Amino acid sequence: MVRWRDQWIPGARRAVTSHVMPRFRSDLDVIARYEPGRPIEEVVREHGLDPDRIVKLASNESPEGPFPAALEAMAAAGRESNRYPDNEGHDLRVALSTHLDVDYENVWLGGGSSELLRSVALAAGGPGTSAVYAWPSFVVYRLGTLWAMAEPRQIPLDDHHAHDLAAMLGAIDDTTTVVYICSPNNPTGTVATPEAIEEFVDQVPDSVTVVIDEAYYEFVTAPGHRSMIPLALDRDNVIVTRTFSKVYSLASLRVGYAVANPATIADLRRVQAPFSVTQLGQAAAVASLGQPDVLAKRIADNTFERTRVLDALTAGGVEHAGSQANFVWFRFDGPAEDPSDAFVSHGVIVRRFGTEWIRVTIGNSEENDRFLAALDALRGQPPRSI
Ligand SMILES: Cc1ncc(COP(=O)(O)O)c(C=O)c1O
């Protein structure tokens, strides 16, 4: 039994306890805390760099601020912040149901799509269950699985950095309750084709929930690509998640949504925190949906800059995975143990995965120039003419 033994140390201002820690789950040690992209302020502190000379391309954020209408909506909604938000998210669900051409009851909101993913993991998991997902992929699939005391089954990506759906299918057994497909995949930017996903879902048992994470859907330009939302309307075990954090530039407000069948949503909401989508977030998201031309411009800018960065990598002989998202995955055999440190010394914050591969977010044209210049310098190449 854990016993608290308080003792008074002369001269100490309060009683201190001996080193008996509160009791938490014994499996917490295996759960690494979520590590976000390093904030600019942290890099400034650690490296003594000028904050104005640092670009952050580590978290797949938009380089632009929220849409103009969203800023106005936030200012108005902010004045009501003494009230709890609308827990049903009525206005945003109405706007999304129109935008997506689905019923109001098919729309589920969350505090970022991360919260939706966590809710699925908690509802589907528990001891004796397993979850299947690709690796490397979005770390919340792994974390959610561990939070839920389920067994993670990580299936390596194929040689093209894409989901190996056949291997994922093979990893499903009687214990499996949830499978995650990330398309485009974070961190590699590769997509699973709609046909391949449909064929995959056809073969997954109906009792297994299939989450299709479309966080970067809006950035996809591959011909023939389409959303899996119709599949979620058709199948009780399919959930498609999306977010306002990326193309809509609202990462800080934490607004995500999913499309699924209403009975599934009702069950999943049992493990969801109340009021997790702020009123500011709901208002900003509704306003953003009303500016399709701003959306189109943001997508076009990303496509242009993504092509420019990919072309530069190709021309420089840098191995990369292509990309259908707002980031690029490339190989970097740098001098440092932590390859992202090498970039930080040039004032560019990127995200490393292991010691060889790096993910860089597509920024604005100046930020991308800074990244390409840092890459050239680190590879000992003469500066390019931009
Ligand atoms: C694939 C993927 N899904 C979901 C998310 C979560 O986004 P949010 O919780 O901000 O909606 C991210 C964030 O980076 C992501 O990369």
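This is a predicted model: local features need pLDDT of at least 70, side-chain atom pairs count only at pLDDT 80 or more; totals for chains, interfaces and linings use all residues.

Reader: Thanks! Let me start with H161: is H161 buried or exposed?
Author: H161 is buried, with a relative accessible area of 16%. Buried means under 20% relative accessible area, exposed over 50%, and partly exposed in between, with a 1.4 Å probe and protein chains only. Residues are numbered from 1 along each chain as its sequence is written, and side-chain values use heavy atoms, with hydrogens and water left out.

Reader: Good to know. Where is H161 found?
Author: H161 sits in the loop between β6 and α6 (165-171). Helices (H or I, at least four residues) and strands (E, at least two) are DSSP runs, numbered from the N terminus. The phi of H161 is near 65°, a positive value in a residue other than glycine.

Reader: What about M149, which also isn't a glycine: what is its phi?
Author: M149 has a positive phi of about 60°. M149 lies in the loop between α5 (139-147) and β6 (151-156), and counts as partly exposed because its relative accessible area is 37%.

Reader: Let's switch to the ligand. How many residues surround the ligand?
Author: There are 13 residues around the ligand, and the closest are S113, S114, D213, T243 and S245. A residue is near a molecule if one of its heavy atoms lies within 4 Å of it.

Reader: And how do those residues divide into nonpolar, polar and charged?
Author: Four are nonpolar, six polar and three charged. Here Ala, Val, Leu, Ile, Met, Phe, Trp, Tyr, Cys and Pro count as nonpolar, Asp, Glu, Lys and Arg as charged, and the others, Gly among them, as polar. Helix α4 (residues 112-124) gives the largest share of the shell, three residues.

Reader: Which side-chain atoms come up against the ligand's oxygen and nitrogen atoms?
Author: An N or O atom in the side chain of S114 is 2.6 Å from an oxygen atom of the ligand. For D213, a polar side-chain atom lies 2.6 Å from a nitrogen atom of the ligand. K246 has a polar side-chain atom 2.9 Å from an oxygen atom of the ligand. The ligand taken alone exposes 400 Å², and the protein buries 94% of that; accessible areas come from the Shrake-Rupley method with a 1.4 Å probe.

Reader: New topic! How is the protein divided into domains?
Author: Domain 1 covers 36-64 + 293-378, and domain 2 covers 69-290. These bounds come from an automatic or database domain assignment. The C-alpha centres of the two domains lie 25 Å apart, and 22 residues of domain 1 are in contact with 20 residues of domain 2. Contact means heavy atoms within 4.5 Å.

Reader: Now strand β8: is V210 buried or exposed?
Author: V210, found in strand β8 (residues 209-213), counts as buried because its relative accessibility is 0%. Leaving out residues up to four places away in sequence, V210 touches V179, I181, F200, V201, V204, N237, V238 and I239.

Technical notes: A polar contact is a pair of N or O atoms within 3.5 Å; within protein, one must be able to donate a hydrogen and the other to accept it, and residues adjacent in sequence count only if both atoms are side-chain atoms.
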